[in-house]
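Colleague: Please walk me through this model, and tell me what backs each term you use.

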Amino acid sequence: AYLSYAAASRIVAKLRREAFDHLSRLPLSYYDTHSHGDLTSRFVNDCEAIHEGLMQGFLQLFSGLVTIVGSLCFMLYMSWKITLVVLGVTGLTFVVAMVVTKLSNKYFRRQQALVGELSGIAGEMIGGLRVVKAYGYETRASRQFDEVNNRLYTDGQKAQFVSSLTNPTTRFVGHLAYIAVG
């Protein structure tokens with residue numbers, strides 16, 4: 001666990017440095033066309049999400065490798081035919097999980113973009129509150145916020161629903177393995 005944390009932290013620290021260097025080289029016109037809240041939100045939230053993903057990935061990789069190698073050795077010892085059936089169904093499980101993951105990633109990407117957009121709107125409206133009030137922009141700003149917030153709600157629901165399909169679909173394929181082995 002310690003090695004996984006150290007490796008993930010080093011990778012994310014390097015990624016943050018590279019992203020910061022990239023942001024410092026962008027022209028001012030880029031900052032004029034993109035909200036500051038969106039940039040900050042993406043910079044912080046994306047790096048944190050990568051860190052969490054790497055941590056979980058490293059831990060699962062090491063424990064999974066030990067489990068897979070041990071199981072394969074034992075299955076080959078017991079029956080090579082059953083081992084082939086299990087390996088075939090395992091391949092099918094990976095395909096099903098990959099399809100669900102690709103679909104959920106689409107929604108999670110849209111959700112992350114909307115979180116950045118919403119943070120940008122909120123940051124700009126709060127930061128420029130005097131200007132917003134002076135020009136009577138409250139109603140329009142509130143409508144804009146509500147519209148983005150509703151899209152975020154919808155895409156967030158879709159992302160959570162689709163990602164929750166991973167477990168039931170892979171379990172179904174796993175049960176097919178039990179049937180085939182039986």
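**Patch, helix and overall shape**

Modeller: L92, V95, V99, F172, L176 and I179 form a nonpolar surface patch, with about 570 Å² of accessible area together. Accessible areas use the Shrake-Rupley method and a 1.4 Å probe, with only the protein chains shown as cover for residues. This is a predicted model: local features need pLDDT of at least 70, side-chain atom pairs count only at pLDDT 80 or more, and totals for chains, interfaces and linings use all residues. Residues are numbered from 1 along each chain as its sequence is written, and side-chain values use heavy atoms, without hydrogens and water.

Colleague: Which helices supply at least two residues each of the nonpolar patch?

Modeller: Helix 4 (80–127) and helix 7 (166–181). Helices are DSSP runs of H or I, at least four residues, numbered from the N terminus.

Colleague: What makes V99 buried or exposed?

Modeller: V99 is found in helix 4. Exposed means over 50% relative accessible area, buried under 20%, partly exposed in between. V99 has 53%, so V99 is exposed.

Colleague: Why is the protein chain called more spread out than a compact globule?

Modeller: The protein chain has 7 helices and 0 strands. Its radius of gyration is 23 Å, well over the 16 Å of the globule rule for 182 residues, so the chain is more spread out than a compact globule. The radius is taken over C-alpha atoms, and the rule is 2.2 Å times the number of residues to the power 0.38.

Methods. Patch = residues over 30% accessible without salt bridge, like charges linked within 9 Å, V, L, I, M, F, W, Y side chains within 5 Å. Salt bridge = Lys/Arg side-chain N within 4 Å of Asp/Glu carboxyl O. Buried < 20%, exposed > 50% of the residue type's maximum accessible area, 1.4 Å probe, protein only.
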